[in-house]
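Subject: The structure we talked about

Hi,

Here is the structure I promised to hand over. Open it next to this message and follow along as you read.

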Amino acid sequence: MRRASPAGRPAAGGRPPRPRDAQPEQLGFEGMPERLFVCTPSRLGAYADCPRRYRYSYVDRPAPPKGPPWAHNSLGASVHTALKNWYALPADRRRPEVLPTLLKSTWVREGYRDDEQERESYRRALGWLEAYVAGLDPADEPIGVERVVAVKTGVLAFNGRADRIDSRPGPQGPELVIVDYKTGRSGLDGDDARGSQALALYAYAAERVFRRPCRRVELHHLPSGTVAAHEHSVESLARQVTRAEETARDIMAAERSVADGADPDDVFPTAPGPRCAWCDHRRTCPTGAALPGKEPWAAVERFAAPTTED
């Protein structure tokens with residue numbers, strides 16, 4: 001039988017006994033890293049556009065109701081999904097004649113003014129797709145289609161879904177290219193591609209996920225058939241990441257202030273402007289409600305208007 005050790009002395013190989021009233025020592029958290037801000041391009045963009053819209057979308061619980069669905073979002077989602085399903089087909093089946101079936105199977109009907117406008121939008125979208133795939137090589141296999149890429153920095157835990165990631169020859173071997181489809185009415189140029197934080201973050205993340213250089217980003221504008229492109233450098237991608245981190249720090253500071261009792265209206269102010277007319281939360285926001293809004297089908301209706309922009 002093992003003999004008890006005298007009080008105050010450890011048993012062989014054991015620890016000194018602790019008085020019954022002794023409390024366990026609290027370990028400090030000095031030096032612990034700050035939690036990362038989990039985000040997507042949409043989350044960062046919402047705050048940059050309007051802090052109040054960010055609050056309604058991501059902070060307030062329960063979240064305030066959104067307005068009705070937008071027809072232009074339905075149109076864009078339908079075209080994006082049709083292209084995704086195009087690439088899901090075997091290469092020998094990627095032919096223009098399959099596009100009507102692909103588009104019908106993915107068509108989103110919400111937001112249109114009436115059946116006539118919806119039918120016209122479908123015909124227009126099909127024309128865009130037919131013209132676009134005519135310039136594609138069906139044998140080309142992207143590295144990813146609707147591919148999620150993710151990366152962590154000292155501040156961010158970023159993830160986002162890229163429309164397409166291509167692999168193309170480069171001076172030092174294969175390089176990745178981020179492709180983003182656009183269905184808005186206005187054409188786009190290189191400045192739009194250069195300034196897109198979302199595209200830069202996709203490129204930064206894709207380079208680390210696939211361990212290949214990824215510097216080129218492209219906006220493929222289907223209505224006009226144009227491509228707006230930009231070649232990033234290591235430095236320009238780093239600047240976009242730093243900008244995203246600064247936004248994340250501002251968001252985290254604002255969320256902490258609200259948690260500590262600050263007035264959410266003061267911490268998340270409105271940024272009134274043309275975007276208010278298209279905001280999902282316009283009816284909830286006092287500032288937005290005081291401004292004229294757009295009908296859910298307004299952007300689609302403008303597609304049919306004569307234009308000299310393109």
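Please start with the second largest pocket of this predicted model. Its lining is made up of Tyr-87, Gly-135, Leu-136, Asp-137, Asp-140, Glu-141, Pro-142, Arg-164, Asp-166, Ser-167 and Arg-168. The volume of this pocket comes to about 210 Å³. Which element gives the most to the lining? That is strand β3, residues 156-170, with four residues. Sorted by class, the lining of this pocket has six charged, three nonpolar and two polar residues.

Next, the aromatic rings. A pair of aromatic rings is described by the distance of the centres and the angle of the planes. There are nine aromatic pairs in the structure. In one of them, Trp-107 and Tyr-112 are stacked, with 5.9 Å from centre to centre and 10° between the planes. Are these two residues buried or exposed? Trp-107 has a relative accessibility of 15%, so Trp-107 counts as buried. Tyr-112 is buried too, because its relative accessible area is 10%.

Trp-107 also pairs with Tyr-122, and this pair is edge-to-face: the centres are 5.5 Å apart and the planes are at 85°. This second pair links distant parts of the chain. Trp-107 sits in the loop between α4 (99-106) and α5 (115-133), while Tyr-122 belongs to helix α5, 15 residues apart. Like Trp-107, Tyr-122 is buried.

Then, at Tyr-204, the charged end of Arg-208 sits over the ring, 3.6 Å from the ring's centre.

Thr-247 is buried, because its relative accessible area is 15% and buried means under 20%.

Finally, a few spots along the backbone deserve a look. The peptide bond from Arg-61 to Pro-62 is cis, with omega near 0°. You will find Pro-62 in the loop between α2 and α3 (71-88).

Two residues other than glycine have a positive phi: Glu-146, near 50°, and Arg-211, near 55°. Where do they lie? Glu-146 is in strand β2, residues 144-152, whereas Arg-211 is in the loop between α7 (197-210) and β5 (214-221). Glu-146 counts as buried, because its relative accessibility is 17%. Arg-211 is exposed, because its relative accessible area is 76%.

Best wishes

Definitions and conventions
Residues numbered from 1 in each chain as written. Predicted model: local features only at pLDDT ≥ 70, side-chain atom pairs only at ≥ 80, totals over all residues. Heavy atoms only, no water. 1 Å grid on protein atoms, 1.4 Å probe; cavity = no way out; pocket = protein on both sides within 12 Å on 5 of 7 lines; lining within 4 Å. Points joined across faces, edges and corners; volume = space filled by probe spheres on them. Helix = DSSP H or I, 4+ residues; strand = E, 2+ residues; numbered from the N terminus. Nonpolar A, V, L, I, M, F, W, Y, C, P; charged D, E, K, R; others polar. Phe/Tyr/Trp six-rings, centres within 6.5 Å; stacked < 30°, edge-to-face > 60°. Buried < 20%, exposed > 50% of the residue type's maximum accessible area, 1.4 Å probe, protein only. Lys NZ or Arg CZ within 6 Å of the ring centre and 35° of its normal.
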